[in-house]
Every structure is written in structure tokens, then in C-alpha cells.
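Biologist: Can you put the model up? I'd like to go through the strands and the core.

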Amino acid sequence: HYIKFMYWKDRPDDICCHKDDVFFKHFKGKDDVNAYFVDRGYKFTYHNTYVAGTGCIVEEYTIER
């Protein structure tokens, strides 16, 4: 699956997650993200991080079990 995590620099504990380009879930920080996916057996492969025109930070990954 293709995963995007989107958050604002001043609100890192409010992460919006899209899976395969569709909204999936909100997380309460990176620890919450890791608990959700790692506990389900997924491994992350990092691809890219950028700042969108709105100032939102976007992190892109693929995940596999």
C-alpha cells in the first residue's frame, strides 16, 4: 500500500493518513502511527518528504506485511 502522512509543523500530534490516495485515519502522533501499523505486522519503506504549498508536511511511504 502507498501511505501518506500529513501534518502541520506546529501540530505534529494531529496526523492525517491517506492509504492508496484515499483518506484512511487520523493519528495522535508518530507513536500512535507506529503502534497501529507495526502491531499489525507492516514494515515501512520511506520514499519522500516535502512541504505542500499550504505548508503541510507530507511524508510518503509504502507498507508491506
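Modeller: One term before the strands: two of them pair if DSSP finds at least two bridges between them. Helices (H or I, at least four residues) and strands (E, at least two) are DSSP runs, numbered from the N terminus. With that, E1 and E5 run antiparallel and are joined by six bridges. Tyr2 stands opposite Thr62 in E5 there.

Biologist: Is this predicted or experimental, and what gets counted?

Modeller: This is a predicted model, in which local features need pLDDT of at least 70 and side-chain atom pairs count only at pLDDT 80 or more, while totals for chains, interfaces and linings use all residues. Residues are numbered from 1 along each chain as its sequence is written, and side-chain values use heavy atoms, with hydrogens and water left out.

Biologist: What is the average pLDDT of the chain?

Modeller: The average is 96, and 100% of the residues score at least 70. pLDDT is the predictor's confidence in each residue, from 0 to 100.

Biologist: Which element has the lowest mean?

Modeller: H1, at 92. The highest mean, 98, belongs to strand E3 (residues 22-27).

Biologist: Back to strands. What does E2 pair with?

Modeller: E2 pairs with E1 in the antiparallel sense over five bridges, with Ile3 opposite Lys19. E2 also pairs with E3, again antiparallel and over five bridges.

Biologist: How many residues lie between E4 and E5?

Modeller: Five, and Gly55 in that turn has a positive phi of about 100°. Strand E4 (residues 43-51) pairs with E5 in the antiparallel sense over eight bridges. Tyr46 has Tyr61 as its bridge partner in E5.

Biologist: Why is E5 described as largely enclosed?

Modeller: Six of its eight residues are buried, so E5 is largely enclosed by the rest of the structure. Buried means under 20% relative accessible area, exposed over 50%, partly exposed in between (1.4 Å probe, protein chains only).

Biologist: Which residues make up the largest nonpolar core?

Modeller: There are 12 in all: Ile3, Phe5, Tyr7, Ile15, Cys17, Phe27, Val33, Phe37, Tyr42, Ile57, Tyr61 and Ile63. Two or more residues each come from strand E1 (2-8), strand E2 (11-19), helix H1 (30-38) and strand E5 (57-64). A nonpolar core here is a set of buried Ala, Val, Leu, Ile, Met, Phe, Trp, Tyr and Cys residues joined through side-chain atoms within 4.5 Å.

Biologist: How many aromatic pairs?

Modeller: The count comes to 13. Rings of Phe, Tyr and Trp (its six-membered ring) pair if their centres lie within 6.5 Å; planes under 30 degrees apart count as stacked, over 60 as edge-to-face and the rest as tilted. Phe5 and Phe27 are edge-to-face, because their planes are at 75°, with the centres 6.5 Å apart. Phe5 is in E1 and Phe27 in E3, so the pair ties together parts 22 residues apart in sequence.

Biologist: Are those two buried or exposed?

Modeller: Phe5 counts as buried at 5% relative accessibility, and Phe27 is buried at 1%.

Biologist: What lies over the face of Phe27?

Modeller: Lys25, at 5.6 Å from the ring centre. Arg40 lies over the face of Tyr36, at 3.7 Å from the ring centre. The rule is NZ of Lys or CZ of Arg within 6 Å of the ring centre and within 35 degrees of the ring normal.
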